[in-house]
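I opened the model and worked through it part by part. These are my notes, in the order of looking.

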There are 2 protein chains.
Amino acid sequence: MSEYLQREAPSEMHIGFLDAEVLDPLHRDSAPPAGVAHKANCSSCAMRAICMGGNLNDADRSRLDTVIHNWRMVRRGEALYRAGDAFQSIYALRSGSFKTVVSHQNGCEQVSGFFLTGETLGLDGICTERHACDAIALEDSAVCVIPFHLLEALCREIRSLQQHVHRMLSSEIVRESGVMLLLASLCADQRVAAFLLNISARQHARGYSRSELTLRMTREEIGSYLGMKLETVSRTLSRFQRDGLIDVKGKRVTLLDLDALDRI
Amino acid sequence: MSEYLQREAPSEMHIGFLDAEVLDPLHRDSAPPAGVAHKANCSSCAMRAICMGGNLNDADRSRLDTVIHNWRMVRRGEALYRAGDAFQSIYALRSGSFKTVVSHQNGCEQVSGFFLTGETLGLDGICTERHACDAIALEDSAVCVIPFHLLEALCREIRSLQQHVHRMLSSEIVRESGVMLLLASLCADQRVAAFLLNISARQHARGYSRSELTLRMTREEIGSYLGMKLETVSRTLSRFQRDGLIDVKGKRVTLLDLDALDRI
DNA sequence: CGCTATGTTGAAGCTACTCAAGTGGCGTGG
DNA sequence: CCACGCCACTTGAGTAGCTTCAACATAGCG
């Protein structure tokens with residue numbers, strides 16, 4: 001199951017983090033919607049090994065600092081960007097989590113992705129210079145702002161950075177085709193199992209627990225993402241619990257039998 | 001409906017075509033699986049305006065010629081590449097059509113995309129240096145071979161080419177999220193209508209008829225792509241015909257009422 | 001502490017699937 | 001040229017699984 005929703009390991013995916021110690025999520029200057037800028041610095045960032053995959057040398061990394069020098073707070077429920085907004089930057093998620101929502105004129109909406117700490121948002125905007133979806137914070141979050149035209153310029157000079165950006169784009173394509181496979185050919189049980197294992201794997205890759213999940217999104221959002229109704233998500237989780245596969249306490253889910261989930 | 005499966009206009013998507021007059025699909029040198037190389041030349045290609053969106057000047061276009069100098073025939077049913085193959089090149093589809101198939105260890109397979117003349121294949125391979133899916137020709141087809149590391153090198157020198165590649169990657173991301181939306185939230189009727197309108201729009205963008213479609217893929221392949229069974233595809237097409245929306249004669253489908261299809 | 005959100009569970013209904021039979025088109029070989 | 005077989009496609013009947021509708025429980029927040 002797990003492979004369906006795979007996202008690349010963080011080393012492949014992410015660019016430009018702040019140092020964890022530097023971050024203050026409750027920073028009183030942060031006025032979320034307007035997105036007040038804060039100073040960022042990749043060279044001193046504790047996450048830099050994960051973020052750039054150790055590809056860059058010190059000289060190149062300090063050049064990256066000239067590009068990624070701001071970060072933004074986004075409060076729970078607020079949008080980092082909305083569909084139709086002019087595309088300027090991509091965003092590295094420093095802390096928190098987001099959902100992306102694709103909308104349709106007739107009012108129907110679908111959650112097209114969940115983004116956890118260390119992942120990159122906004123790649124959808126490159127092709128048309130406008131964002132194609134809304135990105136909404138699931139909790140108070142912080143993102144590094146990466147102005148894309150500056151990143152492009154740097155990519156023309158630093159080959160390993162160029163490769164990193166290409167891989168990041170390509171892995172988003174591969175991730176989405178995994179979701180397509182899931183939506184087109186798995187039943188409800190398999191979708192939910194795949195979802196849980198995927199969140200687990202992504203957390204684990206960042207050093208968090210493999211089995212203790214805190215699902216920041218609602219059942220309805222999970223259902224939207226997985227192409228099913230919230231009642232079905234809820235029923236499926238209950239059944240998994242009855243079968244001893246997981247333990248559910250509202251948004252806190254413990255995976256008790258990873259192998260069995262994978263075999264569903 | 002149509003927007004769900006949208007692909008970017010050709011000017012956004014494609015790189016490096018041969019001149020139509022130069023192409024000989026029955027060229028006797030072509031030994032498909034091995035992929036015997038033929039000479040390609042973008043500068044003299046009739047499609048170059050569409051392919052590069054007129055972005056490049058003559059000097060830059062002849063530099064592109066040094067990168068894209070081969071093309072390959074692929075016979076119906078044969079693979080351009082397979083999942084797991086080492087990634088070397090991306091491919092501009094000069095003539096013909098392909099499906100891409102994502103596979104899973106337990107034997108389940110899903111069609112993840114259809115590619116028509118003028119579209120680009122192989123972007124999934126960048127992130128892992130291995131292709132993530134099989135690309136199978138739906139008819140005898142010809143592709144321009146674009147060695148990716150050479151394209152990357154050229155992108156570091158030609159800004160407009162770099163932008164083009166980034167947009168191409170991003171629009172594949174946006175296309176896939178459209179399919180996700182379709183799979184997660186549309187009923188069978190809407191999926192089939194969206195599929196027909198999408199093929200129509202892509203043909204039309206290349207100067208072909210908007211209403212006369214020749215579906216090179218089987219009902220089973222359509223069903224796999226749309227997340228439904230072949231019988232349901234067939235039934236839906238039959239009902240559309242009964243309702244006067246389309247005319248079906250096996251693989252030849254005529255769209256009689258585009259607006260009504262869009263309103264489904 | 002009460003209100004609203006979110007989540008759980010049950011029963012009925014409908015969509016799309018499964019299984020099965022039959023049709024039509026195309027290429028091969030007599 | 002026609003008969004044959006193969007494959008793709010069509011159509012029907014019965015069914016499984018998910019959705020819908022509804023009632024109720026719980027948690028989070030002011």
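**Entry 1: the chain contact.** I began with the contact between the two chains, which takes 34 residues from chain A and 35 residues from chain B. I counted two residues as in contact if their C-beta atoms, placed from the backbone, lie within 7 Å. On the side of chain A that touches chain B, β6 (109-115) and α5 (159-185) of chain A each supply at least two residues. α5(A) gives the most to that side, with 18 residues. Helices (H or I, at least four residues) and strands (E, at least two) are DSSP runs, numbered from the N terminus. I then sorted the residues on the side of chain A that touches chain B: 15 are nonpolar, ten polar and nine charged. For this I took Ala, Val, Leu, Ile, Met, Phe, Trp, Tyr, Cys and Pro as nonpolar, Asp, Glu, Lys and Arg as charged, and the others, Gly among them, as polar.

A note on bookkeeping. This is a predicted model, and local features need pLDDT of at least 70, side-chain atom pairs count only at pLDDT 80 or more, while totals for chains, interfaces and linings use all residues. Residues are numbered from 1 along each chain as its sequence is written, and chains are lettered from A and ligands numbered from 1 in the order in which they are written.

**Entry 2: symmetry.** I superposed the copies by least squares on the C-alpha atoms of residues with pLDDT of at least 70 in both. A rotation of 180 degrees with 0.0 Å of shift along its axis puts chain A on chain B, at RMSD 0.0 Å. That is the relation of a two-fold axis. Of the residues of chain A, R156(A) comes closest to the rotation axis, at 2.0 Å (C-alpha). Both copies use the same surface: 100% of the contact residues of chain A recur in chain B.

**Entry 3: domains.** Chain A is divided into domain 1 (10-175) and domain 2 (186-263); the bounds come from an automatic or database domain assignment. Their contact takes eleven residues from domain 1 of chain A and nine residues from domain 2 of chain A. On the domain 1 side, β6(A) gives the largest share, three residues. That side divides into five nonpolar, four polar and two charged residues.

**Entry 4: a sheet in chain A.** I found three strands of chain A in an open antiparallel sheet, in the order β10-β12-β11. Strands pair if DSSP finds at least two bridges between them. The edge strands are β10 (212-214) and β11 (246-249) of chain A. β11(A) pairs with β12 (residues 252-255) of chain A over four bridges. D247(A) stands opposite T254(A) in β12(A). Helix α6 (residues 188-205) of chain A packs on the sheet and touches β10, β11 and β12 of chain A. The direction of α6 makes about 100 degrees with that of β10(A). Axes are lines fitted to C-alpha atoms, for helices over the stretch in contact, and angles run from 0 to 180 degrees between N-to-C directions.
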